[in-house]
Amino acid sequence: MGSGQVTERLDWHGKKVTVAGLGVSGIPAARVLHGLGAHVTVVNDGDDERSRAQAAELGAEGITVRLGDGATLPSGTELIVTTPGWRPDKPLFAAAAEAGVEIWGDVELAWRLRGPGAAPWLAVTGTNGKTTTVRMLASILEAAGLRTAAVGNIGVSLLDAVLGDEEYDVLAVELSSYQLHWAPSVRVHSGAVLNLAPDHLDWHGSMEAYAADKGRIYEGNQVACVYNVADKATEDLVREADVEEGCRAIGFTLGTPGPSELGVVEGLLVDRAFVENRQKNAQELAEVADVQPPAPHNIANALAAAALARAFGVDAKAVRDGLTAFRPDPHRIELVEEVGGIAYVDDSKATNTHAAEASLAAYDPIVWIAGGLAKGATFDELVQKSAQRLRGAVLIGADRALIREALARHAPQVPVVDLDRTDTGAMSEAVREATRLARAGDTVLLAPACASMDMFTNYNKRGEAFADAVRALAATGDA
């Protein structure tokens, strides 16, 4: 499919569509489909006060909502549109398969609703770094003078982007494994898988199934399949993909790039993929110092974003300008303050071991604040790889014992403070204890390697608690 082509437009009038789940993607999908003339029924497992309020609102608009019964397929259903959080093993989906009813996610719906001459998609997935990479990509595209937006899992919703009045030249699209699972016909201009590590296995059922869903981003790529040279699993997914004639495999690496790769040479980000005579030539794109923060995994994100932008024809100057202008979202390796020669860094977004490993690799020596909900993760490999960087560790949260035991096995020399509390005030104590263990020149790093919901509403609130504690420390001069 060429970048300007769209899938066949459906006649929605009178079509019986079931939307699985209320929430951030279910409600907009229901409204869009209703507006197109479909007969929409929303089914939802929950029947709480919030759900009832949402159901009343949709009911007033003429949309049927069934609460507390997400398992039964409504009679006559011709299509299911599901929210990303609904697992594939739901009874509703088994009933749909039995009845021969197709299941789409919100991304698939957006793809099918694109109009003539729709903007092509540059898409990013991976276990970690998706949001940062997509925002870097959008910054580069904007620097090139293109009308764009960061959409999908972040920023503008995809449905708004494809149905709104604003016209785009190209979209920078973040896609989760959940969204890709339910997006059978999406075919992007160019796509990237940043990395693969065990995550969401309870949803996908196995690492193989998780990887296969991530790999869907490469299906039908037109210009470039961007992969991580350091992560062979991503290259394997490219090899398995069915792409358009002429589509290229483009690697990114923190080392010296080979032909058809982007990489780093003497403090410069360079391109040996989208240049003439790539066997001999390389194009300077930016300096490592143009990327903030210049942590290794963030440089990798920048290279992936640059590769997608270059695949779309963006020049080297726009890559540099876009990276220079970009600032990461809060709670992603964010320097909060330096107090008494100690740097306090908030990476609350490091909610799994893979993200925490990348964060720990960026600093030395470290007093590590970690813990929370482990989501089935194990910590031995993380501790083994990071042990030499650790000055000390302060553990919080429900599953901190798992990290404490891994530290005892692989880093017995590292002093550990185990805070036996899960109230939100525990973060202030954690910062005080970390400061006690740290010396001038050290980094106190919040990289929990765990989810936050045992103590905080989300990782943002956890990061804010850390930052508040650091600023309180700075104000009292106790560091």
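Trainee: Which residue in β2 is the bridge partner of Ala20?

Mentor: Please bear in mind that this is a predicted model. In β2, Ala20 has Val43 as its bridge partner. The pairing of β1 (residues 16-20) with strand β2 (residues 39-44) is parallel and extends over five bridges.

Trainee: Which residue in β4 is the bridge partner of Ala20?

Mentor: That partner is Thr82. Strand β4 (residues 79-82) pairs with β1 in the parallel sense, over four bridges.

Trainee: Is strand β1 largely enclosed or largely open?

Mentor: Residues count as buried when their relative accessible area is under 20%. Four of the five residues in β1 are buried, so the strand is largely enclosed by the rest of the structure.

Trainee: Which residues touch the most other members of the largest nonpolar core?

Mentor: In soluble globular proteins, nonpolar side chains tend to be buried together. Here the largest nonpolar core has 52 residues, and those touching the most other members are Leu33, Val42, Leu109, Trp121, Leu171 and Tyr218. Helix α4 (residues 106-113) gives the most to this core, namely five residues.

Trainee: What does Leu109 touch, leaving aside residues up to four places away in sequence?

Mentor: With those left aside, Leu109 touches Trp12, Ala29, Leu33, Val81, Trp104 and Leu159. Another core, of 43 residues, lies apart from the largest one; Met136, Ala273, Ala286 and Val314 are among its members.

Technical notes
Residues numbered from 1 in each chain as written. Predicted model: local features only at pLDDT ≥ 70, side-chain atom pairs only at ≥ 80, totals over all residues. Heavy atoms only, no water. Buried < 20%, exposed > 50% of the residue type's maximum accessible area, 1.4 Å probe, protein only. Helix = DSSP H or I, 4+ residues; strand = E, 2+ residues; numbered from the N terminus. Pairing = 2+ DSSP bridges. Core = buried A, V, L, I, M, F, W, Y, C linked by side-chain atoms within 4.5 Å. Contact = heavy atoms within 4.5 Å.
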